[in-house]
Amino acid sequence: LLMNEGTASSAEVFAAALHDNGRLVATVGSKTYGKGLILHTFPMPDGGGLRIAVAEYLTPSLKHVTNVGGARYNANGDLVGGGIYPDVQYIS
C-alpha cells in the first residue's frame, strides 16, 4: 500500500487497519499527515464559527493517529509527531 504526507484522516485509519490485521505485505512511502481528529464547526451569532475537535481516530491496535501535544523536532530539524510510519520508507 502506497502512502505519503498527503494521506490523512480516514485514509490513515484504513491503512492502519489493513496493516494491523495482517492484510498487507507492507506499507511503502513516507510518514502520513497525522490528522486523526474529527472537527465540528458550530455557527456563532455574529456569522463566525467555532471549530472544536469532537472525536479522534484510533487504529485497530488502539494507537492514536494524531499525537496531540506530543509534536517535537528531531536532531535533523524535522517535525516528529502524529502520523503512521511506513514499513518501507521512500524519500523523494
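Biologist: Leaving aside its neighbours within four places in sequence, which residues is Thr 7 in contact with?

Modeller: Four of them: Glu 12, Thr 32, Tyr 33 and Gly 34. Keep in mind that this is a predicted model.

Biologist: Where is Thr 7 found?

Modeller: In the loop between β1 and α1.

Biologist: Buried or exposed?

Modeller: Thr 7 counts as buried, because its relative accessibility is 14% and the cut-off for buried is under 20%.

Biologist: How far apart are Thr 7 and Lys 35 in space?

Modeller: 8.9 Å, C-alpha to C-alpha. In sequence they are 28 residues apart.

Biologist: Who else is found in the loop between β1 and α1?

Modeller: Ser 9 is there. Ser 9 is buried too, with a relative accessible area of 18%. Its phi is positive, about 55°, although Ser 9 is not a glycine.

Biologist: Let's step back. How many helices and strands are in the protein chain?

Modeller: 1 helix and 7 strands. Along the sequence the pattern reads β-α-β-β-β-β-β-β.

Biologist: How much of the chain is buried?

Modeller: 26% of its 92 residues count as buried. The accessible surface of the chain is about 6,400 Å². Carbon and sulfur atoms hold 58% of that surface.

Biologist: And what share of contacts join residues at least 24 apart?

Modeller: 55%, counting contacts between residues at least 6 apart in sequence.

Biologist: Now the sheet. What is the order of the 3 strands in the open sheet?

Modeller: β1-β2-β7, with parallel pairing. The edge strands are β1, residues 2–3, and β7, residues 88–89. Each of those pairs on one side only.

Biologist: How many bridges join β2 to β7?

Modeller: 2 bridges, and the two strands run parallel. β2 covers residues 28–29. Gly 29 in that pairing stands opposite Gln 89 in β7.

Biologist: What is found in the loop between α1 and β2?

Modeller: Thr 27, for one. α1 itself spans residues 10–20. Thr 27 counts as buried, with 3% relative accessibility.

Biologist: Which backbone nitrogen lies 2.9 Å from a polar atom of the Thr 27 side chain?

Modeller: The one of Asp 87. Asp 87 is also among the contacts of Thr 27, once neighbours within four places in sequence are set aside.

Biologist: Switching to β3 and β4. How many bridges join them?

Modeller: 7 bridges, and the strands run antiparallel. β3 is residues 37–43, and β4 is residues 49–56. Pro 43 stands opposite Gly 49 in β4.

Biologist: What do β3 and β4 form?

Modeller: A hairpin, with 5 residues between the strands. Gly 47 in the turn has a positive phi of about 95°.

Biologist: Which residues make the nonpolar surface patch?

Modeller: Ile 38, Phe 42, Met 44, Leu 50, Ile 52 and Val 54. The patch is about 470 Å².

Biologist: Which strand gives the most to it?

Modeller: β4, with 3 residues. β3 and β4 each supply at least two.

Biologist: How accessible is Leu 50?

Modeller: Leu 50 is partly exposed, with a relative accessible area of 41%. Leu 50 is found in β4.

Biologist: In a regular strand, what do the side chains do?

Modeller: They alternate between the two faces of the sheet.

Biologist: Last one. What is the place of Thr 66?

Modeller: The loop between β4 and β5, with β5 at residues 72–73. Thr 66 counts as buried, at 12% relative accessibility.

Biologist: Which residues is Thr 66 in contact with, leaving aside neighbours within four places in sequence?

Modeller: Gly 34, Lys 35, Gly 36, Leu 37, Glu 56 and Gly 82.

Conventions
Residues numbered from 1 in each chain as written. Predicted model: local features only at pLDDT ≥ 70, side-chain atom pairs only at ≥ 80, totals over all residues. Heavy atoms only, no water. Pairing = 2+ DSSP bridges. Helix = DSSP H or I, 4+ residues; strand = E, 2+ residues; numbered from the N terminus. Buried < 20%, exposed > 50% of the residue type's maximum accessible area, 1.4 Å probe, protein only. Contact = heavy atoms within 4.5 Å. Areas by Shrake-Rupley, 256 points an atom, 1.4 Å probe, with all protein chains shown as cover. Polar contact = N/O pair within 3.5 Å; in protein donor to acceptor, adjacent residues only side chain to side chain. Patch = residues over 30% accessible without salt bridge, like charges linked within 9 Å, V, L, I, M, F, W, Y side chains within 5 Å. Salt bridge = Lys/Arg side-chain N within 4 Å of Asp/Glu carboxyl O.
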